[in-house]
Structures are given as C-alpha cells and as structure tokens.
Amino acid sequence: MKIASSDPKGPAYITGAREVLAEKTEQPYRINANMHKAIGPAALPQDAVETIVESLVKAQTPLIITGYSGRIHACPEQLVKLAEAIPGLRILDTGGCHICFPADHPSYVGFRLSFEEVTTKADVILVLDCDVPWIPSRNPPREDAKIYFVDVDPLNASIGFSFLPANGRWKADGYTAMAQLNRHLSSTPKLQNTLKDEIYKHRWENLQKIYSAKVESLSKLSTPATNGSLDIHHVGFAIKTAVPKDTIFVVEAATCAMSLSDQIQANVPAIWINSGGAGLGWSGGAALGVKLAHNASGAPKFICQVVGDGCFLFSEPSSVYWIASRYNIPVLTIVLNNKGWNAPRRSHDLVHPKGLGATVINKEMHISLDPSPDYGGIAKAAAGSTFGATGEGLFTGKARTADELKLLLEQAVASVKSGKGALIEAVLAVDEKGDSLIQK
Ligand SMILES: Cc1ncc(C[n+]2csc(CCOP(=O)(O)OP(=O)(O)O)c2C)c(N)n1
Ligand SMILES: [Mg+2]
C-alpha cells in the first residue's frame, strides 16, 4: 500500500504481477523522484469563478457546505476571507476529516452531519469537497436553490454510485478555487459596490447575534450535572480545559462527535482530525501515526485520541498499546463509555421510527456493551509493565463524575507529557437505549 499524493490523495493499493516482481533486473534500478511528482492543483475556469462569486454575492441566504477542504491547511483561511467579504455567507462543516473552518468564527454553522436545517433555507449553495452535503429525505435544499459543486473528485470515480445534482460542477483543488473566488471578488468594482449595500451590514450583525446565542448555549451545556454525572458536553469541555492549547485531536467519536466538536472549538486547521472513512477502528493506529508525523516534522505535539467504546474495541487495542509502549509513542486516549453502540440505534430510529427495534432496549438489540469490558485494563495489559523507557505501566483511570474526570485528566496529561501513555475511560450517564440521562 502507498499513499497517493495526486488527487484524490490517500491510501492506494498497488498491485504487481508476481512473475514480473520475481524477475531479476540486470543493473541497479533507480527512480528519479523529481520526475514522479504529484499532479499540480487544478483551477476553476474563469466563467465558473464569475458565476459562483456573483451568485454568492447576490444570494439572500448563501451557504458553503464542506467536508474535507481543510485537508489543505491553507484553505480555511480562504474560506474565512470569503465569508468576511460576503457578510451573511455561512459555512457548514460536515466533518469529512480535517476541520474546514475556525469554530469561533460567527459565520460557522458548526460541524453537523448531513441533517442541518440551514441547508433547507439557502438560496445558493456551494458544495466544496464534500461527499454527503445533505440527506434528500431529511434536509433537501430548496427547489429553487442554485447549487454549485467544486471537488477534487466530483464524480467519486472509484465509488460505484455517487452523484450530486447541481447547476454546475467542476473538478478543482479547493484552496486554488477559493483563492480564485477571493481574487475575483476583490478585483471586481461592480461586486464591491453591491457589497456596500446596508443589507450586508445587517446580515453581519445578525450573524453576530446568532453566534453570541450559540456561545451562551454551549457554555450552559458544558456545565456538569448537579449530581456530578457525565455527559459528552461536559466531557468535551473538561478535555479542552485539561490539555495543552495546541493539542491535536484524533477523533472517532461516532454519535458524540458533534457535541464534542462544539466544546473543543477547534479553530486552527489540522488540530482536529476525524476518520475520513466509514470502517471503524481507525483512531488507535491513527493517533500513533499523527504523533510520529509531528515528531518527524520537528514540532512534537500533544495528541489526544477521543474514541467511542465501540470504536475502541474495533481499533485492535492489543496491538495499538503494545506498539505505543514498544516504540515509546505516548498519547492520551479518552474512551467514551456510553454502554455500547449508539449509532446503530440512531440509524434504526431514522429508518424505522415505529419499527420493533424502537420498542426494545439496547441489550435486546444486541448493541449494548454493558457490563463494559475493562478498557483501561485491556490497554494496560497490552502496553506491559513498562511503557517505553519509563519503567512504569500505562496510566489509566475511570471517571464517573466531573470531579473524578478533572483529577484523572490532570494526572493523565502530566503522564503523557512525561513520556508515558495514558487512557481515561469517561462513563457517560445514559439510559438503556443509550440516551443521556442528563437534561440541560
Ligand atoms: C468496522 C465497522 N463495523 C461496524 C460499523 C457500523 N457502525 C457504525 S457506528 C457503530 C457503533 C460505534 O460505537 P461507538 O464507538 O461506541 O460510538 P457510539 O455509536 O456509541 O457513539 C457501528 C457498529 C462500522 N462503521 N465499521
Ligand atoms: Mg458507544
């Protein structure tokens, strides 16, 4: 397996016929890497630049929906520039992999999977590097919405069936395309004149109000329950408070991911990395890889993996913690114990709201992990009696209350900083259907 560096970038299987591979070469074979560089980024044609910019400027409720444009770390800055140049333009992040827009910006709708209702209100939508911008049966765009689609791979050529109806679609690099839109906007006097209209000022003020209300509501949600028991909002807040400011989050948190992102409020590209695929179990190995990559770049970072209990079990923890210990790769893991697989319950209820499954508890649906395995114990056993060169085993702990979590997080962060990996299990207060018992 190799990592493709031309778009669509990512892991690629390379196959070679056995007979050819077994042949002897006559002389040493060399490849000149300079002659094998990745394909350069593709730009938008000028008429597309003009069409998209004019539509966004003239729209009443313009929206950009994106999923993985943040993979190019310079792209969020271009989106911010565009959102500030066209007041009222909002950005919805569907959480493809990297964060695509700073969470503390008033134009950010947030990281929401594809059922956010702003999609149904927009009159112009630019979909940028995104595979599932909405779900047609839940939050379809307006019939009269103009939709433009810019993606490195708009046809998803390697996927059996994938098609997004749109008024225009272009294959282009997200950063290059957004920089083109910004250049055209700032150098076109007619559009600049239009943007002087009072309406844009009002729209900007309105976004500030929406943003202030959001900050207030997230702050309320972040408080612990009166009896101290835990929900994802408080756990997210506690993690954010405990870890270093420039922590990189490696996230595989399934149904907890959106609330977690609300509290983590990632505002720098690439500090939030989500699995880009559907097969669970990615984050254990990924967290170690992210740690090694930062070490290799010469700028080591604190890595915090946040993982659902189901995903943790999928992640081959016996290999992950043995490798972490054997090769001395300390990261902090937070396991979110909500007693099992919440996502299949949600999927079931979306598709069969009145089905038989809606009447039974998670144990009867066989999606429960209750009683729970000893998550910390599994990791500790795999890491062995000495983590790396520290002479001590992995640091582990289990928190059921806000006070326990605070204390354990402090100790775990100190442990990881001293070179020894750590795992904290956060036990969320949920009922037998996986719903939070905490009402806020
Ligand atoms: C390898 C693999 N198996 C099964 C699934 C289907 N699946 C999607 S989400 C999920 C449950 C994940 O559980 P957990 O990590 O506890 O998160 P929660 O749903 O509780 O938020 C499952 C089984 C999958 N995506 N990948
Ligand atoms: Mg779970």
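## Helices α12 and α15

Helix α12 passes helix α15 in a right-handed crossing. The model is a predicted one. The axes of α12, residues 317–326, and α15, residues 375–383, come within 7 Å and cross at roughly 50°. Since angles of 65 to 115 degrees count as roughly perpendicular and those under 35 as roughly parallel, α12 is therefore oblique to α15.

On the α12 side, the contact is formed by Pro317, Ser318, Tyr321, Trp322, Ala324 and Ser325, which meet Ile378, Ala379, Ala382 and Ala383 of α15. By class, eight residues of this contact are nonpolar and two are polar, with no charged residues.

## Helices α8 and α9

Another helix pair is formed by α8 (residues 232–242) and α9 (residues 257–264), whose axes lie 8 Å apart at an angle of about 40°. That angle makes α8 oblique to α9. The crossing of α8 past α9 is right-handed.

From α8, the residues in contact are Ile232, His233, Gly236, Phe237 and Lys240. Their counterparts in α9 are Ser259, Leu260, Asp262, Gln263 and Ile264. The contact of α8 with α9 divides into four nonpolar, four polar and two charged residues.

## The sheet from β5 to β8

Strands of a sheet pair through backbone hydrogen bonds, either parallel or antiparallel. One open sheet here has six strands in the order β5-β4-β3-β6-β7-β8, with parallel pairing. Its edges are β5 (108–111) and β8 (168–171); each has a single partner strand, so one side of each has no neighbour in the sheet. From one strand to the next, the twist averages 15°.

Within this sheet, β6 (residues 124–128) and β7 (residues 146–151) pair in the parallel sense over five bridges. Valine 124 is placed opposite lysine 146 in β7. Helix α2, residues 46–58, lies across β3 (62–66), β6, β7 and β8, and runs at about 130° to β6.

## The sheet from β10 to β13

Six strands also make up an open sheet in the order β10-β9-β11-β12-β14-β13, and the pairing is parallel. Here β10 (272–274) and β13 (395–399) are the edge strands; each has a single partner strand, so one side of each is left without a neighbour in the sheet. Neighbouring strands of this sheet are turned against each other by 15° on average, direction ignored.

Strand β9 (residues 248–252) pairs with β11 (residues 303–308) in the parallel sense over five bridges. Phenylalanine 249 stands opposite cysteine 304 in β11. Helix α10 (residues 283–297) packs on the sheet and touches β9, β10 and β11. The direction of α10 makes about 165° with that of β9.

How values were computed:
Residues numbered from 1 in each chain as written. Chains lettered and ligands numbered in written order. Predicted model: local features only at pLDDT ≥ 70, side-chain atom pairs only at ≥ 80, totals over all residues. Pairing = 2+ DSSP bridges. Helix = DSSP H or I, 4+ residues; strand = E, 2+ residues; numbered from the N terminus. Axes fitted to C-alpha atoms, helices over the stretch in contact; angles between N-to-C directions. Contact = placed C-beta atoms within 7 Å. Parallel < 35°, antiparallel > 145°, perpendicular 65-115°, else oblique. Left-handed = near helix turned anticlockwise from the far one by under 90°. Nonpolar A, V, L, I, M, F, W, Y, C, P; charged D, E, K, R; others polar.
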